[in-house]
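Let's walk through this model together, from the contact between the chains down to a few charged pairs. Have the viewer open alongside.

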Number of protein chains: 2
Amino acid sequence: MFDNVPQTLEMLRSKGKQLVFVTNNSTKSRADYKKKFDKLGIPANVDEVFGSSYSAAVYIARILKLPGPKNKVFVLGESGIEQELESEGVPYCGGTDPSLRRDMEQEDFTNIANGSMLDPDVGIVLSGLDYHMNYLKTSIAFQYIQRGAMHLATNIDSTLPQAHSFFPGAGASSAALVKAVGKGEPTSFGKPSQAMMDAIEGKFQFDRSRTCMIGDRLNTDIQFGIDGKLGGTLAVLTGVSKKEEFLADGAKTVPTAYVDALSDLLG
Amino acid sequence: MFDNVPQTLEMLRSKGKQLVFVTNNSTKSRADYKKKFDKLGIPANVDEVFGSSYSAAVYIARILKLPGPKNKVFVLGESGIEQELESEGVPYCGGTDPSLRRDMEQEDFTNIANGSMLDPDVGIVLSGLDYHMNYLKTSIAFQYIQRGAMHLATNIDSTLPQAHSFFPGAGASSAALVKAVGKGEPTSFGKPSQAMMDAIEGKFQFDRSRTCMIGDRLNTDIQFGIDGKLGGTLAVLTGVSKKEEFLADGAKTVPTAYVDALSDLLG
């Protein structure tokens, strides 16, 4: 499936194209992705990787800039979010804290309700894909929001492609919180959110009309490029979406072009 | 708050009124509720208790009647659901199974995707309030639904009143599954669903026009009585809803009458 991808990327680089890898997966940091790329033999630099966790951390640190000490983030998610918050100097709690990876006990109801289990500095709840989602963390996050904290999400993808099938995505693992709060989806930073595009542009200063978004998922990747008014979008059929979806009459999201595999670009 | 409630119920019984206790809480069975009532000194029989778990079990066993062996239920919830399915002779798995109360491991992705961790007899996923919700059980439930299982819910309350505050309700603990599936809320049996009213009527044959629904929550209890065209609805202000909500202009759900406490009925 990824045959000749390294060669294809080398070819693009040799023609002077700048590459940016954009991922909604919040469980890994940019550094984690660099390691993964190394393992797959794909040449990439940390700076070329843009993840939804990084995008959220940049937004919180550089745009939101909540006044301290109310700028602490309660994390519903994995270490990728924590690493990116750290890289931007944002204080956080929750996340992978082992003391919260446990069953809800009877006294937790009381201690969450009366605030004694809560950190008074928390002003933001940031949710992403959490393989360790549980009732305890959701209850704590819910209480923070009831007390005025803002809810942000790295991304709200309903599903996650894994093992040639689908599993609950970040939007699913934080859906308990969203349902309890009852105010609809939170602001999110994953594709197709243009908050991600703005963050990338803030870093790379590229010409949108001369940029092509390449991806395998219509409702995230391709929509992201269309909404961002990029020069073009290229669907690659090695992943989630099938060509029948965008070739259908009345298809909502239609790429400029498509290839069966990325290496088709080698010609 | 519950002062004189036993006396009030005795008074109603002495006037020949039939009492039915209707609860959306799926974590307890009717037998569990009987025990709770005994502890609170509230006189009640098991047969007078109608819970959303029982209502769902009756629906599955007596109305849906899926042909075996595809009639097994995968439970996302606590023992109350299991007990009521058992009382109706419905086979089930999941639920409080300790082997599913653990973190998702890498091989689980493969074994769920290829079906080797799935029970081929499961034709229904039944979700209720699950204090032990996790990524593993949600992934399994999601896979069952992708393979054609029906999704039913005991109830979809967004929140649960506890410890003088609010916590995620059944609708929240199953929201990850609902979001991943992407088809909206499942059929549910809690108030205000009229599936619950039909189940009660099937058992008690009462005259709706001479029946009063008493409850503390407008969007469940009172709406249930209104939608069921009962003779009247009585809001009790010792719980969730405040009178400002139904006295407001344009209030959506307005009870026939209200009392500050149930014991006001003693006169």
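## The interface

Between chain B and chain A, about 3,000 Å² is buried, and carbon and sulfur atoms give 69% of that area. Buried area here is the accessible area (1.4 Å probe) that two parts lose on being put together, summed over both. M133(B), Y135(B) and K179(B) supply 25% of what chain B buries against chain A, more than any other three residues. In terms of contacts (heavy atoms within 4.5 Å), 35 residues of chain B meet 35 residues of chain A.

A word on the ground rules: this is a predicted model, where local features need pLDDT of at least 70 and side-chain atom pairs count only at pLDDT 80 or more, while totals for chains, interfaces and linings use all residues. Residues are numbered from 1 along each chain as its sequence is written, chains are lettered from A and ligands numbered from 1 in the order in which they are written, and side-chain values use heavy atoms, with hydrogens and water left out.

## How the copies are related

Two salt bridges turn up across the interface of chain B and chain A, the rule being a side-chain nitrogen of Lys or Arg within 4 Å of a carboxyl oxygen of Asp or Glu. K179(B) makes a salt bridge with E185(A), with the closest N and O atoms 2.6 Å apart. On the chain B side, the elements giving two or more residues include α5 (106–113), β7 (159–162) and α8 (175–181). These are DSSP runs numbered from the N terminus: helices are H or I with at least four residues, strands E with at least two.

By type, the residues on that side split into 19 nonpolar, 12 polar and four charged.

## A buried aspartate

D130(B) sits in the loop between β5 (122–127) and α6 (135–146) of chain B. Is D130(B) buried or exposed? D130(B) is buried, at 2% relative accessible area (buried is under 20%, exposed over 50%, partly exposed in between; 1.4 Å probe, protein chains only). Leaving out residues up to four places away in sequence, D130(B) touches Y135(A) as well as L76(B), G77(B), E78(B), K137(B) and S173(B).

## Salt bridges within the chains

Over all chains, the structure holds 24 salt bridges. One of them joins K34(A) to D38(A), with the closest N and O atoms 2.9 Å apart. The two are separated by about one helical turn, because they lie four residues apart in helix α2 (residues 30–40) of chain A. K34(A) is partly exposed at 24% relative accessibility, and D38(A) is partly exposed at 44%.

D198(A) and R208(A) also pair up, at 3.5 Å from N to O. D198(A) lies in helix α9 (residues 194–204) and R208(A) in the loop between α9 and β10 (212–215), 10 residues apart. A network of salt bridges links D198(A), E201(A) and R208(A).

Technical notes: Nonpolar A, V, L, I, M, F, W, Y, C, P; charged D, E, K, R; others polar.
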